[in-house]
Amino acid sequence: CEVLFLLQFSLPWGLASLKAGIPNRVGLNLERFGLDRLQKWGNILTHSVSSGTFDSKVHQIDLYKRFFDHLGLSWDESICPKVVLTETDQLQANTILKQVQSPRFMIHLSAGSPGKQWPMDYWGKLLKTLYQKYQANFIAVGTFKDTVRYQTLERDTQIPILNLCGKTTLRESAALCKQCDLIITLDTALAHIAAAVDAPRLVVLYGPTNFQQWRPMISKETQLEQVYRHISCRPCLTRLCYHKSCINFLTPEKVLNQIDQLIKTTF
């Protein structure tokens with residue numbers, strides 16, 4: 001291997017690439033964390049490019065493009081993440097969705113960072129309103145460990161949820177995204193999977209994350225609403241926040257208002 005691109009701030013992977021003797025180790029500098037003196041992570045990197053600041057308006061894909069520019073390599077501007085679904089994927093999704101009538105709303109309330117988690121009682125209020133207003137039927141996907149959270153939500157709201165956590169493959173979940181009428185998700189991987197399969201309607205809830213940097217790369221087939229609160233301290237490092245005002249002040253009413261704007265001409 002002549003070149004290794006480190007797309008994340010991962011010290012273990014950086015040290016592993018150094019130990020492996022990879023001659024060109026390219027990554028983002030630590031400007032985002034205020035560590036301008038460690039441009040190359042203590043010489044772990046051979047090439048570093050600007051990571052920008054937390055409030056930068058540069059999309060993440062453009063940060064990665066800097067790797068190529070720095071090395072004098074060409075970049076195909078048409079690059080866009082896509083998941084190509086097979087006929088089998090879509091048939092399997094169709095079989096699953098026979099259990100649920102339209103309109104089908106997929107919800108995803110889990111995220112890797114606790115700072116992104118929207119309060120459970122907010123989810124409950126949102127589901128009750130959508131159920132009453134649109135006669136929505138809900139579907140949940142995720143890992144097996146997410147199962148209990150949806151069971152709790154179903155119990156507290158008394159609204160049926162088709163809980164598929166741990167029961168679908170990644171490709172099956174992607175196919176379900178394609179065929180659901182609306183997806184409501186936190187700023188997590190599912191938002192980008194939904195965009196990659198051209199899901200028709202996508203609502204993404206943001207807490208401390210930079211919504212401009214991590215905006216799903218949608219095509220003209222997808223209608224997108226990004227929901228967030230304007231608070232002076234966001235975006236920030238989620239794991240260091242103690243008050244979580246950005247996510248706690250993101251009320252169900254605000255989320256519902258943007259959902260209404262997205263689907264008012266459809267249902």
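How many helices and strands are there in the protein? There are nine helices and nine strands, where helices (H or I, at least four residues) and strands (E, at least two) are DSSP runs numbered from the N terminus.

## About the model

This is a predicted model, in which local features need pLDDT of at least 70 and side-chain atom pairs count only at pLDDT 80 or more, while totals for chains, interfaces and linings use all residues. Residues are numbered from 1 along each chain as its sequence is written, and side-chain values use heavy atoms, leaving out hydrogens and water.

## The whole protein

The C-alpha trace spans about 60 × 45 × 35 Å along its principal axes. Of the 267 residues, 48% are buried, meaning under 20% relative accessible area with a 1.4 Å probe, counting protein chains only.

Contacts (heavy atoms within 4.5 Å) also tell us about the fold. Among those with a separation of 6 or more, 54% join residues 24 or more positions apart.

## A closer look at helix α7

Helix α7 covers residues 189-196, and six of its eight residues are buried, so the rest of the structure largely encloses this helix. The buried ones are Leu190, Ala191, Ile193, Ala194, Ala195 and Ala196.

What lies over these buried residues? The cover includes the strands β4 (104-108), β7 (182-186) and β8 (201-205), together with the helix α6 (170-179). After α7 comes Asp198, which has a positive phi, near 60°.

Notes: Buried means under 20% relative accessible area, exposed over 50%, partly exposed in between (1.4 Å probe, protein chains only).
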